[in-house]
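Please read these points with the model open.

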Amino acid sequence: MMKAAIMGFGTVGSGVYEVLDRNADVVAKNAGDSIEVKYILDLRDFPDAPYQEKFIKDFAIIENDPEVSIVAETMGGKGAAYEFTKRCLLAGKHVVTSNKELVATHGAELLSIAKEKNVNYLFEASVGGGIPIIRPMFQCLTANHMTHITGILNGTTNYILTRMIDAGLDFETALKEAQEKGYAEANPAADVEGMDACRKICILSAIAYGDHVYPEFVETEGITKITLQDVAYAAQADCVVKLLGRAVLNEDETFYAFVAPHFVSKTCPLACVDDVFNAIMVTGDMLGDSMFYGQGAGKLATASAVVADIIDCARHNKKRRDLGWGDGSRKLVRPLEGFASRWYIRVSGADAAEKLAAVFPGCNMLQAVQEGEAACITDELTTADMKKAQEALSAVLGCMRLL
């Protein structure tokens, strides 16, 4: 029997225990041995839990117990979670996690320690929750140059945009509904401002291109400025609005990485991904497009991915997975100014249509949805050129790339 510990007993941590308990038979079959949770680390008390003897508040108990060979970190954040993960790896314990912030910030360092100590640091649940994406990218797609990664990476923002599109709710009303349903936190900033998606595209880019990508080098825009007028113009263009995380490979092995709302053509499979679902499309030069779709969050969906990593650690208890990337020193992320797209742009003013036609000759003008403004779809422009155009127009109400 193998012994494991869970650090953090919130939504995901409690789900991990539940999956290991309820599916103990299939876990043992696939791991080649039974797995018992010996400790659950949390500063809070859980008086109603039937397994009181497992709860501890001192991390050192896990660190110093040689029986514990696998640790699931489901604490979140990059404070204590970073310290405890690092100490577990240094103590020769496998660590699995759902913590995208920690992997995006310290993944290169933690993977390097894991390699040095011949243990595993696995994080399948950190990007797509229950959607398998990490393992397919570092195993199944490795014969390809991954030329594009395009993902709906955050269920909260996708739910809000879906409600704006389908029910005509404005942003604030849709956000409040998402909070009432438990899809959005009381402080939703990490979701609606795009940081959650940013951390996930950093991880996917690091796997695809071999070097650590720090979130501060990824241009990130959320959905707080999206209005129902933007949604209406998207419909005219036969598109829907989606928040996308993207990575695009260049011929010199550098790449663009960014997060931003887009007009997505209804002919694109990502346009049909609604509510809290996530989807990640990976384009390989040999394979073409492949899309991974499912629940990007949720207690048991995410926990199932964490437990799958626990099983993988059990299978590879004496030999680590060959997973890792560089420390970020190659600086492969290219400034976004050179990236070209078609664009949607909306401006205000009595002469808005004339101004757009002057700045973007031959653009596709859209029918105004309210007085005193105009909108169009441009030809392909670099980000730098679009920024110059916005400065010339000044009264810009909305601007998004097309996919």
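**Notes on the model**

1. Strand 4 (residues 68–73) pairs with strand 5 (residues 94–97) in the parallel sense, over 4 bridges. Strands here are DSSP E runs of at least two residues, numbered from the N terminus, and two of them pair if DSSP finds at least two bridges between them. Glu73 has Thr97 in strand 5 as its bridge partner.

2. This is a predicted model, in which local features need pLDDT of at least 70 and side-chain atom pairs count only at pLDDT 80 or more, while totals for chains, interfaces and linings use all residues. Residues are numbered from 1 along each chain as its sequence is written, and side-chain values use heavy atoms, with hydrogens and water left out.

3. The order 3-2-1-4-5-6 describes an open sheet of 6 strands with parallel pairing. Strand 3 (55–56) and strand 6 (121–122) are at its edges with a single partner strand each, so one side of each has no neighbour in the sheet.

4. Thr254 lies in the loop between strand 9 (239–249) and strand 10. Its relative accessibility is 16%, so Thr254 counts as buried (under 20% relative accessible area; exposed is over 50%, partly exposed in between; 1.4 Å probe, protein chains only). The side chains of Thr254 and Arg334 are joined by a polar contact of 3.1 Å (a pair of N or O atoms within 3.5 Å; within protein, one must be able to donate a hydrogen and the other to accept it, and residues adjacent in sequence count only if both atoms are side-chain atoms).

5. Phe255 belongs to strand 10 (residues 255–265) and, at 1% relative accessibility, counts as buried. Leaving aside neighbours within four places in sequence, Phe255 has contacts (heavy atoms within 4.5 Å) that include Ser205, Tyr209, Val213 and Arg334.
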